[in-house]
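Please study the sequence and the structure before reading the solutions.

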Amino acid sequence: MSHLSERPEAPVVGVSMPHESAVLHVTGTALYTDDLVARTKDVLHAYPVQVMKAHGRITALRTGSALAVPGVVRVLTGADVPGVNDAGMKHDEPLFPDEVMFHGHAVAWVLGETLEAARLGAAAVEVELEELPSVVTLQDAIAADSFHGARPVMRTGDIDAGFADSAHVFTGEFQFSDQEHFYLETHAALAHVDEAEQVFVQSSTQHPSETQEIVAHVLGLHSHEVTVQCLRMGGGFGGKEMQPHGFAAVAALGAKLTGRPVRVRLNRTQDLTMSGKRHGFHARWKIGFDADGRIQALDATLTADGGWSLDLSEPVVARALCHIDNTYWIPNARVAGRIARTNKVSNTAFRGFGGPQGMLVIEDIMGRCAPLLGLDPAELRERNFYRPGRGQSTPYGQPVTQPERITTVWQQVQDNGGIADRKREIAAFNAAHPHTKRALAITGIKFGISFNLTAFNQAGALVLIYKDGSVLINHGGTEMGQGLHTKMLQVAATTLGIPLHKVRLAPTRTDKVPNTSATAASSGADLNGAAVKNACEQLRERLLEVAATQLGSNASDVRIVEGVARTLGSDKELAWDDLVRTAYFQRVQLSAAGFYRTEGLHWDAKTFRGSPFKYFSYGAAAAEVEVDGFTGAYRIRRVDIVHDVGDSLSPMIDIGQVEGGFVQGAGWLTLEDLRWDAGDGPNRGRLLTQAASTYKLPSFSEMPEEFHVTLLENATEEGAVYGSKAVGEPPLMLAFSVREALRQAAAAFGPGGVGVELASPATPEAVYWAIQTARQAAAARNGDARDGVATDGHTGSGPAGGRVPTDAAALSGA
């Protein structure tokens, strides 16, 4: 076993324990960025001047009337920026734009003594606009050839030969929705400037180092003149990886110009209308199967809705391409990616980061093609799994390690859930209930862990031991509720060999650990855990030398376990506190900077080849649903999950992450339906679902009635911190099982052998249209047209769905 993976005697990792801030969360005493305002003197409040047009050139910006509003102190415009007027890393996101690029774009910010004064001041700012044509929908962007950024193409094998060898060839299109992060805490920043003109920004950010960099270049400063701290976030999900930088820069600019602390905190409507979402996608595909239902070739084009600027759209599309294979070996493939430029908010990172979109395409293909091939969907999926011993690689050339885990978790889910018996019960139920149908679907996942950009796969830590034996950890990861800090405490305590109560964790700050990567890509525990472990190992080695001198033995024979240093084969011992005190008097350094970089990664973005991932995480889920044939309404009766997290660092935290990720994925796939006004009226481009009243989030009523989560056992990951694997993003894709179960339940209203289209999100409306498609097929097969059957040629997508041919003749070219 590798040094990084090996666990010592009596480890604190692997023990189930609550989140380190759980008590603070449930008692309301946990502090978030905006809570610090009440503890800060003379704070000014910032309010955006939003322009409610989708696209236009600013011809006049008059601020005089705003300055006349009582309590207004200043109006920030582009003329006030001493450095670079840009809030993005691609330099395509002006902080104060002269061209409005989406409905609700902020063009100036008003600073007031109170939030109400700032709001009234913002309302008084006069903006004159020359309206310009706008592109709102993904379909319009494709038709207008409106694209930006890279257009990667992933190739493997010979697709022409693959299709020639295929007994069945199907083609189709699929468009699916974006998703709002809807973190509980909206974007927030609080900035002040000290007597030395040092800028200090408290920010709700997943990427403090990048926030620091953006603030510095907006202010025309060096990074060492700016410190960014993230105490904690009330959720992030990727939405606070890139998007907080501009808000932090506005606060910092205001503080620099006024000499007073400045607070930026978006209300919910502002957050929804000004911040990016998960990228919606359009896919056009062609797939070939042999006579046994094994994939021979795939040709696909994925188009992401990037919004008005690039943000992280390029790596999102890259990861989508890298995950279109999911758990299936595709010997011949050509998959192209592109980014549509639309006049909407700039879409950004969201849990899974393009992986869910790529995987959804192949799972939709498998679910639609299975009945046309005369196969049970689970059987079709299983036939195409990556298999051990065959040296199979992904379409981008990375060997698939641990492919046996794909079938292991798949089989365990079936065993745990009693799937065979329940399928028989479902068949009997469906035969007896003409207006209500049930279905059970199983889907698997294979998700690559690491940043696609190799340079991001590094982390640092600073660990301090004080004379009294207490330990303080600083690391570069941020806490957004996912339990990263809890795991880091466990890693430090395990490595030093001391009880958990001896260790405390400091807020994440750029002046403690520099040049950090975002807490993203599910890599937070892998990277920061290894860096914390490295720092603690340096300290432990120094202390072992001190202990050896005191115990009269060799350092190699000393072990520190549960806060006591002992020599192997001896009764002599030395308490941790005494050991630390002795080390101090011997002038032994009691602080250490740790570092880690992920080895074995390489990636060529131009050829789209390499091994960008350290390892793959695997999982499988079985979901049973019941659907009402009159309304399309449904409920999730039961979910069984087996998920691979290696040897868990913190099982309670990991199970919570699996549950939460699954529910968020189910929300994306079945409920969360973002809508924009695409008409030609005065509100063109307006987000219509800009509140919880119109944008439906998963709640208790959507939770499975039975929910069983099991972590894969005996799953040590070599070369990862204490044998663990990432858990943040992969579970979201387990929710594919819910969508596929809804498809199968809708199909159960019709004859066998008919593939039904299902829009995404699969809202009750979308499920109803899929049911109508199945009924229409039944009527056609029976040679009659019964009441309730759609006869207008509707193919089942409903208003929000992507249109895909549903009849076998249109789909099958062979």
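**Exercise 1. Determine which element gives the largest share of the lining of the second largest pocket, and describe that pocket.**

Step 1. Helix α9 (residues 313-322) supplies the largest share of this lining, namely five residues. Helices (H or I, at least four residues) and strands (E, at least two) are DSSP runs, numbered from the N terminus.

Step 2. The model is predicted: local features need pLDDT of at least 70, side-chain atom pairs count only at pLDDT 80 or more, and totals for chains, interfaces and linings use all residues. Residues are numbered from 1 along each chain as its sequence is written, and side-chain values use heavy atoms, with hydrogens and water left out.

Step 3. On a 1 Å grid over the protein atoms alone, a cavity is a set of points where a 1.4 Å probe fits but cannot get out, whereas a pocket is an open set with protein on both sides within 12 Å along at least five of seven lines; lining residues have an atom within 4 Å of a point. Grid points are joined across faces, edges and corners, and a volume is the space filled by probe spheres set on the points.

Step 4. The volume of the second largest pocket is about 630 Å³. It is lined by 28 residues, of which L312, E314, P315, L453 and F456 are the closest to its centre.

Step 5. Sorted by class, this lining has 19 nonpolar, three polar and six charged residues. Here Ala, Val, Leu, Ile, Met, Phe, Trp, Tyr, Cys and Pro count as nonpolar, Asp, Glu, Lys and Arg as charged, and the others, Gly among them, as polar.

**Exercise 2. State how many cavities of 30 Å³ or more are counted, and describe the largest cavity and the second largest cavity.**

Step 1. The count is eight cavities of 30 Å³ or more.

Step 2. The largest cavity holds about 350 Å³ of space. Among its 19 lining residues, A87, E93, F247, M274 and W308 are the closest to the centre. Strand β5 (105-112) and helix α7 (244-258) are the elements that each give two or more residues to this lining.

Step 3. The lining of the largest cavity comprises 11 nonpolar, six polar and two charged residues.

Step 4. For the second largest cavity the volume is about 90 Å³. It has 13 lining residues, and D526, L527, Y596, T598 and K614 are the closest to its centre. By class, six are nonpolar, five polar and two charged.

**Exercise 3. Compare Q402 with R587: is each buried or exposed?**

Step 1. Apply the cut-offs: buried means under 20% relative accessible area, exposed over 50%, and partly exposed in between (1.4 Å probe, protein chains only).

Step 2. Q402 is not a glycine, yet it has a positive phi of about 55°. It lies in the loop between α11 (377-383) and α12 (404-417). Its relative accessibility is 16%, so Q402 is buried.

Step 3. R587, also not a glycine, has a positive phi of about 60°. Its position is the loop between α16 (576-585) and β24 (591-597). Because its relative accessibility is 80%, R587 is exposed.
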